[in-house]
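The following note sets out numbered points on the structure shown below. Each point takes up one element or group of elements.

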Amino acid sequence: MKRILASAVFTLALGVAASAEAGQTLDNIKSKGVLTCGVNEGTAGFGLADSTGKYTGLDIDVCKAVATAILGSPDKIKFVPLSAPQRFTALQSGEVDILSRNTTWTLTREADLGLLFGPVTFYDGQGFLVKKSLNVKSAKQLSGATVCVQPGTTTELNLADYFRANKMELKPVVIEKLDEVENAFFSGRCDAYTTDSSGLAGTRVTKAQKPDDYIILPELISKEPLAPAVRQGDDQFYDIMRWSVFALLQAEEKGITSQNVDQMLKSEDPDIKRFLGVTPGNGKALGLDEKWAYNIIKSVGNYGEIFDRNVGKNSPLKLERGLNDLWTTGGLMYAPPPR
Amino acid sequence: MATSGATGRSATARSSDSKIWNNPTVRGVFWQIVMVVVVVGSVAYLANNAISNLERQHIASGFGFLSREAGFDISEKLIDYDPSYTYRDAFLVGLLNTFEVAGLGIVLATILGTLIGIARLSKNWLLSRLAQFYVELWRNIPLLLQLFFWYAILHVTAPGPRDAWHPLPGVFLSNRGLMFPVPSADPTHKYIWIAFFVAIIATVLLDWWGRKRQETTGQPFPIIGAAAGLIIGLPVLVFLLTGLHLQPDLPELKGFNFAGGASFSPELTALLVGLVIYTASYMAEIVRSGILAVSHGQTEAAGALGLRGGLILRLVVLPQALRIIIPPMTSQYLNLTKNSTLAVAIGFPDLVFVANTQMNQTGQAIEGISIIMATYLAISLSISLLMNIYNARIALKGR
């Protein structure tokens, strides 16, 4: 009887805690002094913990930018590694404040799942990784192939769509844990492994014993705009997340880097003065410190620096900028004016 | 305070006894009411909280998604399914897969567990120690690790489909699974099935007649031999009479993989092997303790009547042990069924797997979880009910 009563009180308390969580995310983060960030369990270049437990990757740096904007430091983050099927529930239930986990921005995720996606941080497309010795040159030759894929991803749905549309026979092997599904592929359980092409590049470099034994097929079968996401219902926090990402793009466009940001404080360009908080206003509008953008660039760098060190020329992945270049140089990356 | 029923109570104590809050019945009812209010209140509060949170966060609710197109493929299916089918069909595919694993698992684990349990009591030192080693090894390793272990063994050690092992004609073992030939469908095969079922009914009748005869004349009837003869013999006879129609559907390497024949996937195999070996280690202990619980005097008495070892076990010891074994065995059946949800980890598409995918695609976790909960509750209660009926039937009946 006593125990039952105790547990009833406990569940009641949980309910109260859950409803309190639904309040102002920003106040919550400030009072906790830490941003809780849902990240990948281990995709090279995007979100990967090293042997000391330190996370690196493009998605990680996006989180660091948001944490710096709010708390002034890129280290005040609690990382929560999430599998694909866990990620949305974790965000909906308030277990994480922000989801920065190479997640594709789709209609149903915003309309049905109660999420809001920020600016795209990486334009990607779904591809296939196969063993060279299979002599497959095109995804169109994959009829009857066994394909490894993670569940609960747009990838899984695109895969089914692509094989249906091309009247090919599909044998999916669907395993939840990234490690397990990659092991299954490399041990030969599957003929092909499918995910976003950036993920394939990372997997090939970090997990294959001989990366040269594997090729990524030329077809990209989908659009995969990867973006961070927050819960609906807190517009202020959504704005902060959005503009933290835009700040990274704006800095690159204006040539502001983590190296020269201190000199840039002395710039005469009114745009830069406003952006770095020399002319106040932007910070107050967002409910942040006036130096929020300066802090981001100083500690995390601009988008170009983030791209190069995680997935671009200074990383093992060596991906081209391509669509992910700034709009000024032929890419799709574009920030609205921060004024 | 004086206790009720004590002698020599003072007048004041008597008057306080008559106070309404000192009446045990009233107090009992009061606390029951408090309890009900607390439980109903917290459930209502939690439900209301969940509904308002869902609304505020604009998360869809309701079971409408069940008739929408699922869009994802499922690799193993006992019924027709492709990505254009609805979520309802996907759930059905998952449910049947769960039934397949749980059903096969329960039968195999019972057989293996009983054998190991009896082996542990063997007078042969080596056999009983091996059985003990088996129990201690598998009972003490977490099931999830065992599943990863079997799955890794299957897909790491087995060769690719192009260099598949080929132990028998038409049988291939590769990291895509075990492929074996099955007879292709032929109109005459239905007669063989009819013969098979007729043989089963005949066996039941024969067994009933044999018991009657033993009761009246004392003559035992060799029912096991007769049953084997009937169940194997009759279908074979029909097969010979209908003209030997047998066209094997052989597995063949086509493109990436084998086509034709039937197959066991590595996922299903690893899951079954893991569940059976793990659960059997518990069942062996249940069987052993059940047998040990039957007084040794029973064995000696049966021996004194002139029964031999096998008959003593079958006619005297096991029937009594069974009464002790059934309730804990039931809980192992339930455990096995519930443990089959670990299938997600190695990619076997059971009900939970389908529900996980659905929750992720539609974001409706509450609905998905309630489907899982309702289904497993129904499965568990059914197993429990069936086993309780069986238990009541074999229980010692007072006359």
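1. In this predicted model, Cys148(A) has Tyr193(A) in β11(A) as its bridge partner. The two strands concerned, β9 (residues 146–149) and β11 (residues 192–196) of chain A, are paired in the parallel sense, with 2 bridges between them.

2. These strands belong to an open sheet of 5 strands in chain A, whose order is β10-β9-β11-β8-β12 and whose pairing is mixed. At its edges are β10 (171–174) and β12 (214–216) of chain A, each of which pairs on one side only. On average, and with direction ignored, neighbouring strands of this sheet are turned by 30° against each other.

3. Which strands does helix α6 (residues 154–165) of chain A touch as it packs on the sheet? The strands touched are β8 (126–131), β9, β10 and β11 of chain A, and the direction of α6 makes about 80° with that of β8(A). Helix α8 (residues 197–207) of chain A also packs on the sheet, where it touches β8, β11 and β12 of chain A. The direction of α8 makes about 125° with that of β11(A).

4. Under a sulfur-to-sulfur cut-off of 2.5 Å, the count is 2 disulfides over all chains. A disulfide joins Cys37(A) to Cys63(A), with S to S at 1.6 Å. This link is right-handed, with 70° about the S-S bond. Because Cys37(A) lies in strand β1 (residues 35–40) of chain A and Cys63(A) in helix α3 of chain A, the pair ties together parts that are 26 residues apart in sequence.

5. Helix α3 (residues 58–71) of chain A also meets helix α9 (residues 235–253) of chain A: their axes come within 9 Å and cross at roughly 115°. The crossing of α3(A) and α9(A) is right-handed. On the α3(A) side, the contact is formed by Val62(A), Ala65(A), Val66(A), Ala69(A) and Ile70(A). On the α9(A) side, the residues are Phe237(A), Ile240(A), Met241(A), Ser244(A), Val245(A) and Leu248(A). Of the residues in this contact, 10 are nonpolar, 1 is polar and none is charged.

6. Chain B has an open sheet of 4 strands in the order β1-β2-β3-β8, with antiparallel pairing. Strands β1 (165–168) and β8 (262–264) of chain B stand at the edges with a single partner strand each, so one side of each has no neighbour in the sheet. From one strand to the next, the twist averages 20°. Between β1(B) and strand β2 (residues 171–174) of chain B, the antiparallel pairing runs over 2 bridges. Here Trp165(B) stands opposite Leu173(B) in β2(B).

7. For chain B, an unreviewed UniProt entry carries the annotation "domain: ABC transmembrane type-1" over residues 95–387. This span is 71% helix and 9% strand in the model, and its end C-alpha atoms lie 21 Å apart.

8. The annotation "transmembrane region", likewise from an unreviewed UniProt entry, covers several stretches of chain B, including residues 29–47 and 264–284. How many Å apart do the end C-alpha atoms of residues 29–47 of chain B lie? They lie 27 Å apart, and the span is 100% helix and 0% strand. For residues 264–284 of chain B, the end C-alpha atoms lie 27 Å apart, with 90% helix and 5% strand.

Key. Residues are numbered from 1 along each chain as its sequence is written. Chains are lettered from A and ligands numbered from 1 in the order in which they are written. This is a predicted model: local features need pLDDT of at least 70, side-chain atom pairs count only at pLDDT 80 or more; totals for chains, interfaces and linings use all residues. Side-chain values use heavy atoms; hydrogens and water are left out. Axes are lines fitted to C-alpha atoms, for helices over the stretch in contact, and angles run from 0 to 180 degrees between N-to-C directions. A crossing is left-handed if the near helix is turned anticlockwise from the far one by less than a right angle, and right-handed if clockwise. Contact means heavy atoms within 4.5 Å. Ala, Val, Leu, Ile, Met, Phe, Trp, Tyr, Cys and Pro count as nonpolar, Asp, Glu, Lys and Arg as charged, and the others, Gly among them, as polar. Two strands pair if DSSP finds at least two bridges between them. UniProt positions are given in the numbering used here, feature names are shortened, and annotations may be inferred rather than shown by experiment.
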